[in-house]
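Here is a short briefing on one chain.

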Amino acid sequence: MPLPLFLPCAAGVEELLADEIARVLPGTRLHVSRGGVALEGNPREVMLLNLELRLTQRVLIEVAEGPYHDEQDLYQMAIEVDWSQWITPQHTLRLDTTATKCPLKSLNFAALRIKDAVCDQLREATGERPNVDTRHPDLPLLLHLGAERASLYVDSSGEPLFKRGWREDKGDAPLKETLAAAMLAAAGWRGTPEAGGALHDPCCGSGTIAIEAAQIACGIAPGLQRHFAFERLLPFAGETERTQWQQLKAEAKARIHASAVPIFASDVSFRMVDFARRNAQRAGVEAAITFNGGDALERPAPALPEGLPGTVMLNPPYGERIEIGGKAARASAQDRRDDNKSMPSDFFARLASHWKQAYTRHAAGWTAWVLSPDMKLPSAMRLKESRRVPMWNGPIECRLYRFDLVAGSARAPKRDGA
C-alpha cells in the first residue's frame with residue numbers, strides 16, 4: 001500500500017518545495033497546502049526524499065487521521081494502528097505535539113494517551129512494552145491537533161532535515177540550512193553559469209548560504225552525511241529496503257562533481273570566516289568556496305570571468321538576531337542608543353552605495369538578494385526592488401528582496417522640500 005506523506009516547510013516555501021519534489025519524483029501527484037506538501041510514496045521514495053530534499057523540514061508518514069472530541073478519541077485512533085509493523089518492544093519512542101485551535105486543556109495529557117495506546121497494544125501482543133527516549137528515539141511520532149480533527153505521523157527523518165550533519169561551528173544566530181536553500185531556490189540559483197552564475201555572500205557568518213550553494217553546485221545530496229529515523233524502523237529494515245538505501249547513497253555519491261561556478265564568502269569577523277571554512281571542510285565543499293575577511297561596505301566585488309553573471313546573497317544581521325560589527329557598527333554608534341543589537345541606521349544606504357560603485361562594472365551584471373524583516377528596506381537603500389518574496393526566519397516575518405545592480409540603479413537623494 002502507498003504511504004500517505006506530508007512534508008512540512010516554512011510558510012511561503014510551499015510552491016518551491018513542490019517544484020523540488022517534482023524534480024526528485026517526476027510524475028508524482030502533489031497536493032500543496034499551507035505549511036507543506038502532501039503526496040503518496042513507497043519506502044524507497046521516503047528514503048529518497050530524506051536524502052535529496054533541501055527545503056522540507058521533515059518527511060512525515062501519516063498513520064492515523066480523524067475527528068476527535070477528547071483524549072479517549074485520540075487513544076482509540078492510535079490503538080487501531082498496527083504498531084508491530086513499525087517497532088518491537090525493544091525500540092524506543094517519543095511523541096511531539098503541535099496544535100491549532102485545539103479545544104483540549106492539556107496537550108501533555110493528549111500526548112500521554114497516544115503513548116499509552118502504542119505501549120498497551122505492544123504489551124498486549126508481546127507481554128513487553130517499549131520505553132520512551134526523549135533524545136534519540138527509534139520511533140519519533142508527531143501528533144497534530146486541529147480544531148476538530150487529529151493527525152498522527154511517524155517522523156521518518158528523526159532530527160529535522162536542516163541538520164545536514166556538517167555544522168559544528170556556529171555564530172550567535174545561524175541561518176537554518178533549509179532557509180538558505182529556500183533563498184537560493186527563490187532566486188533561481190542552481191549552481192550553473194545559466195542559473196545564477198557566481199555567488200557571493202559578503203556577510204557569511206558561519207557559512208550557511210555559501211556552503212548550501214556549494215553543495216548544490218557540486219551535486220552533493222543534503223542528507224548524504226547524516227542518519228535518519230527510518231533506518232531503525234521495521235518497514236525499512238528488510239533486505240530489499242536496506243539494499244535500496246545503499247544504492248541510493250551510492251548513486252548520490254557518484255553524482256558529486258566540481259562546481260562549474262565560483263563561490264565566494266566573506267565576513268567582517270575573521271573568527272566567523274574560520275568557522276565557515278571549517279564547516280565547509282566537513283561539508284566536503286571547502287575547495288569550492290573562496291573565503292575572505294573584510295567589511296561588506298568596503299570589500300570589492302569578486303573578479304568574474306567575462307560573460308559570467310554574479311549573484312550576491314546575504315542574510316545581514318538585524319535587530320532580533322545579532323549585533324553587526326565592522327565599519328557600520330563603528331560609524332553610527334550614536335544611533336544604537338541603549339539597544340546594542342540595533343542595526344546602524346545608515347548601513348543599508350551605504351551598502352547600496354558601495355554596490356553601485358563596486359558591482360555595476362561587470363558586463364554580465366550582478367543581482368543582489370537580501371533577506372530582511374524591514375518592509376521599508378528598498379527605501380532605506382534608495383533602490384527599487386525588482387521582486388520581493390515573503391519568507392520566515394523562524395518566528396520573524398521577512399522579505400527576500402531582489403535588486404538588479406546596474407549603473408545608476410540607486411535613486412537620487414531627495415532634495416530639501418521635495
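**Largest pocket and overall build**

Strand 1 gives four residues to the lining of the largest pocket, the largest share. The model is predicted. The largest pocket holds about 1200 Å³ of space.

**Pocket lining**

- The largest pocket is lined by 47 residues, and the closest to its centre are Pro8, Cys9, Ala10, Gly35 and Gln57.
- Several strands give two or more residues to this lining: strand 1 (3–8), strand 3 (36–41), strand 4 (60–67), strand 5 (92–99), strand 7 (139–145), strand 8 (149–155) and strand 14 (387–393).
- Helix 5 (177–186) also gives two or more residues to the lining.
- By class, the lining of the largest pocket has 26 nonpolar residues, eleven polar and ten charged.

**Thr367**

- Thr367 sits in strand 13, which spans residues 366–372.
- Thr367 counts as buried because its relative accessibility is 16%, and the cut-off for buried is under 20%.
- Beyond its neighbours within four places in sequence, Thr367 contacts Gly310, Thr311 and Val312, and also Arg402, Phe403 and Asp404.

**Whole chain**

- The chain has eleven helices and 15 strands.
- It runs to 418 residues, of which 51% count as buried.
- Take the contacts between residues at least 6 apart in sequence: 78% of them join residues at least 24 apart.
- The accessible surface of the chain is about 19600 Å². Carbon and sulfur atoms account for 48% of that surface.

Definitions and conventions: Residues are numbered from 1 along each chain as its sequence is written. This is a predicted model: local features need pLDDT of at least 70, side-chain atom pairs count only at pLDDT 80 or more; totals for chains, interfaces and linings use all residues. Side-chain values use heavy atoms; hydrogens and water are left out. On a 1 Å grid over the protein atoms alone, a cavity is a set of points where a 1.4 Å probe fits but cannot get out, and a pocket is an open set with protein on both sides within 12 Å along at least five of seven lines; lining residues have an atom within 4 Å of a point. Grid points are joined across faces, edges and corners, and a volume is the space filled by probe spheres set on the points. Ala, Val, Leu, Ile, Met, Phe, Trp, Tyr, Cys and Pro count as nonpolar, Asp, Glu, Lys and Arg as charged, and the others, Gly among them, as polar. Buried means under 20% relative accessible area, exposed over 50%, partly exposed in between (1.4 Å probe, protein chains only). Contact means heavy atoms within 4.5 Å. Accessible areas come from the Shrake-Rupley method with a 1.4 Å probe; for residues, only the protein chains shown count as cover.
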